[in-house]
Amino acid sequence: MAQSAYADSAAYDGSRHSQGQETVPFPTAKGSLKVFLLHGNLDIWVKEAKTLPNMDIVHRSLSDIFGRFSVKSSPNGEDHNPHKITSDPYVTISVSSAVIARTFVISNSENPVWMQHFYVPVAHHAAEVHFVVKDSDIVGSQIIGAVGIPVEQIYSGSIVEGTFPILNGSGKPCRPGAVLTLSIQYTPVEKVSLYQFGVGAGPEYTGVPGTYFPLRTGSKVTLYQDAHVNDGSLPNLNLDNGIQFEHGKCWHDIFQAISQARRLIYITGWSVFHNVRLVRDAGNSTEFTLGHLLKTKSQEGVRVLLLVWDDPTSRSILGFRTDGVMQTHDEETRRFFKHSSVQVLLCPRSAGKGHSWIKQQEVGTIYTHHQKTVIVDADAGHYKRKIIAFVGGLDLCAGRYDTPQHALFKTLQTVHQDDYHNPNFMGSTIGCPREPWHDLHCRIDGPAVYDILTNFGERWLKASKPRGLKKLKHSFDDSLLKIERIPDIIQMADASCLNENNPEAWHVQVFRSIDSTSVKGFPKDSKDATSKNLVCGKNILIDMSIHTAYVKAIRAAQHFIYIENQYFLGSSYNWASHKDLGANNLIPMEIALKIVNKIKAKERFAAYIVVPMWPEGVPTSTPTQRILFWQNKTMQMMYEMIYKALQEVGLENQYHPQDYLNFFCLGNREEEVDTSNAGNQPAANTPQALALKNRRFMIYVHSKGMIVDDEYVIIGSANINQRSMEGTRDTEIAMGAYQPHHTWARKHSSPHGQIYGYRMSLWAEHTGVVEECFNQPESVECVRRVRSMGEFNWREFAADQTTEMKGHLLKYPVQVERTGKVRPVPGCETFPDVGGNIVGTFTAIQENLTI
């Protein structure tokens with residue numbers, strides 16, 4: 001089975017947690033080569049190398065001084081030469097200096113045999129595909145030599161295979177006879193049938209290929225917007241087959257599901273706060289906190305397990321407590337459950353074995369466990385229980401409860417009285433607007449839930465593994481229930497809840513960004529990685545299936561893409577500058593190329609992307625400004641590509657790049673109705689004082705979702721940045737789903753199933769209206785109408801006079817010129833009230849935090 005996604009966790013500088021830049025420091029071809037756009041898939045075999053030089057002479061000398069070291073083993077436990085220390089070779093494959101794949105390391109071998117297969121998506125301008133042979137060291141790695149395959153040789157689709165000399169900086173073989181045997185074949189997107197018909201018309205569609213978890217059929221999915229939707233607050237939306245879209249009540253449903261659990265409650269979170277109240281709507285409000293609910297269920301005999309990210313900046317040692325930079329309340333929650341039968345594992349983000357102390361500190365400090373899932377058993381009828389799960393962007397913690405109205409001030413004395421959240425201000429926030437919170441979440445009932453349960457089990461077993469002095473104890477963790485031994489719990493094979501002939505049935509697939517340092521159950525032998533569709537990093541195996549799913553969905557899109565995400569940056573290898581940043585995820589480039597190809601085919605296509613006005617935090621701070629700078633570089637690249645495509649077909653005067661691609665944010669403004677806090681004003685001219693005076697603030701977009709053609713939806717915890725997509729940084733989980741009876745291929749027209757209803761409900765929330773043109777989001781009429789709404793709402797938001805805003809959708813406040821140039825809006829270069837350059841500021845520091 002081919003390795004499905006591009007991977008390298010080792011850049012040329014030895015970083016084990018960088019998707020990777022591989023700048024070959026010497027030419028691998030004579031003369032200049034023609035640059036081509038590779039947009040499709042590369043089918044690659046890295047077979048073997050012969051006669052490699054010994055790069056470990058220094059290590060051998062140290063061994064002679066300090067005594068013989070224990071010899072490193074190859075991945076399958078065999079020593080190639082137990083009496084000789086020599087190179088530990090592996091191969092990275094790069095295009096346009098971006099690493100797209102890498103082999104496993106073979107220890108102590110000058111004649112390594114990999115026989116490793118890769119099937120890699122590419123969207124790069126390049127003259128060569130580089131195969132760089134490297135020697136893995138304890139700290140970093142050394143380049144042994146490289147092979148360059150000119151793109152011109154593979155562009156026609158021909159297979160290039162053979163044995164090639166491995167060259168060094170002098171242009172000669174790195175050692176006489178040193179060669180690499182490989183094969184490579186390129187297939188452009190237009191020749192891959194998987195990308196031509198969306199999700200397909202029938203049972204022959206088997207989901208996103210090359211992933212850890214397969215497509216599961218016969219499920220039921222509920223889609224949620226925000227933590228709660230009050231009855232009657234959003235318009236009724238008619239779907240096919242006489243059905244109306246139901247606006248779900250996410251936290252209410254989670255509360256009910258936990259309350260009704262009889263066997264197990266498993267929760268993962270970036271943050272889980274025991275003191276949060278899940279149900280607050282009028283008539284159903286309860287003072288029962290999440291912590292008390294979980295304690296009660298545990299006392300009833302339910303197995304309650306919490307797997308929460310351990311924020312390294314929050315500590316409780318000998319009575320000294322620090323809350324932590326991220327205010328996750330992890331230590332608080334642990335203390336609350338300490339003397340109960342609720343089990344809480346605070347799980348640090350670990351770099352694992354074989355990594356330097358510096359790299360371990362970087363991973364443990366910068367990266368997080370970001371998954372958000374709730375897994376419970378539920379009534380299945382006939383005295384049976386089933387497993388259901390909630391997945392998405394909502395953590396069960398402070399500041400997340402909100403409704404589509406996204407109040408700033410009106411709820412400060414009611415539902416948000418004990419839940420004020422606005423980390424964008426420094427200093428007193430008395431009387432200031434809260435930060436409204438917009439998010440996407442879902443509930444799954446059916447076979448795919450058992451994959452989410454598998455994820456929890458793999459993570460729990462890894463996190464609960466004894467460390468340090470605990471290893472001396474002969475104990476094991478048996479906290480996880482063996483559900484296969486519980487006869488009243490339905491197993492996966494019998495978990496289908498809807499027949500395939502039911503028009504409301506769903507097909508669901510689970511995706512992750514995670515590596516073997518965070519799960520137990522990945523193959524121990526790196527050679528077995530491809531059988532599980534995992535990719536190789538240095539000393540780790542990686543599941544990158546969320547990125548794989550996004551790329552596949554974008555390539556298969558035929559009409560439009562709608563994205564809501566907390567971040568949007570990537571494809572830095574194609575930026576005009578900072579190409580070596582390492583934010584190499586393909587998503588922005590794929591969207592831009594989709595639009596470019598549609599323009600060249602004289603077909604309509606539209607992409608709508610909703611992001612926060614700025615990343616949460618002080619907008620003038622260096623990290624926030626850097627993220628905004630990268631975001632602007634991403635926008636710039638995409639708009640310039642679209643303009644060049646319009647120019648190429650002679651439509652640059654008829655259409656604007658924004659007739660195809662638009663960025664939005666969300667904001668709200670409230671007229672003053674309560675002056676009770678007039679005597680407790682914050683200091684004058686501070687951001688909070690200005691926000692209070694002008695009665696406005698952004699609505700924080702924390703969503704992590706995408707809708708394609710009203711037939712396919714991805715919802716999860718993953719942002720569109722390198723942290724979330726790489727697999728070796730933040731751990732993530734997502735689901736991709738569709739209704740087989742509601743697809744373009746099945747209906748030969750726009751589907752009006754649950755996904756259509758979900759998008760229309762989100763648009764109604766953001767715009768305050770439902771208009772006929774919303775039914776054809778790819779049309780230029782719809783694009784221009786939605787953009788005009790966003791422009792009107794931005795003017796209301798930025799105006800000196802305070803008005804009650806009816807719509808929250810704001811055009812992102814940058815000026816996009818007809819030529820695709822993205823500039824600050826004249827007179828509005830900084831965010832209202834809070835400051836900070838809207839297009840960001842570049843600061844020349846090297847770090848991985850902001851990408």
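Mentor: Helices (H or I, at least four residues) and strands (E, at least two) are DSSP runs, numbered from the N terminus. On that basis the chain comprises 15 helices and 32 strands. This is a predicted model, in which local features need pLDDT of at least 70 and side-chain atom pairs count only at pLDDT 80 or more, while totals for chains, interfaces and linings use all residues. Residues are numbered from 1 along each chain as its sequence is written, and side-chain values use heavy atoms, with hydrogens and water left out.

The average pLDDT (the predictor's confidence in each residue, from 0 to 100) is 89 for the chain, and 89% of the residues score at least 70. Residues 1-18 stay under 50, with 113 contacts (heavy atoms within 4.5 Å) beyond four places in sequence. Residues 61-80 are also below 50, with 32 contacts beyond near neighbours in sequence. Where pLDDT is low, the predicted coordinates should not be read in detail.

Of the 851 residues, 62% are buried (buried means under 20% relative accessible area, exposed over 50%, partly exposed in between, with a 1.4 Å probe and protein chains only). Among contacts with a separation of 6 or more, 75% join residues 24 or more positions apart.

Now to the rings. The whole structure holds 28 aromatic pairs; rings of Phe, Tyr and Trp (its six-membered ring) pair if their centres lie within 6.5 Å, and planes under 30 degrees apart count as stacked, over 60 as edge-to-face and the rest as tilted. One of these pairs is F629 with F842, which is tilted, at 5.5 Å centre to centre and 40° between the planes. F629 belongs to helix α10 (residues 622-648) and F842 to the segment after β32 (822-824), so that the pair links parts of the chain 213 residues apart. F629 counts as buried because its relative accessibility is 17%, whereas F842, at 38%, counts as partly exposed.

F842 also pairs with W630: the ring centres are 6.0 Å apart and the planes lie at 65°, so this pair is edge-to-face. Because W630 lies in helix α10 and F842 in the segment after β32, the pair ties together parts 212 residues apart in sequence. W630 counts as buried, at 1% relative accessibility.

Elsewhere, ring pairs join F425, W614, F697 and F831 into a cluster.
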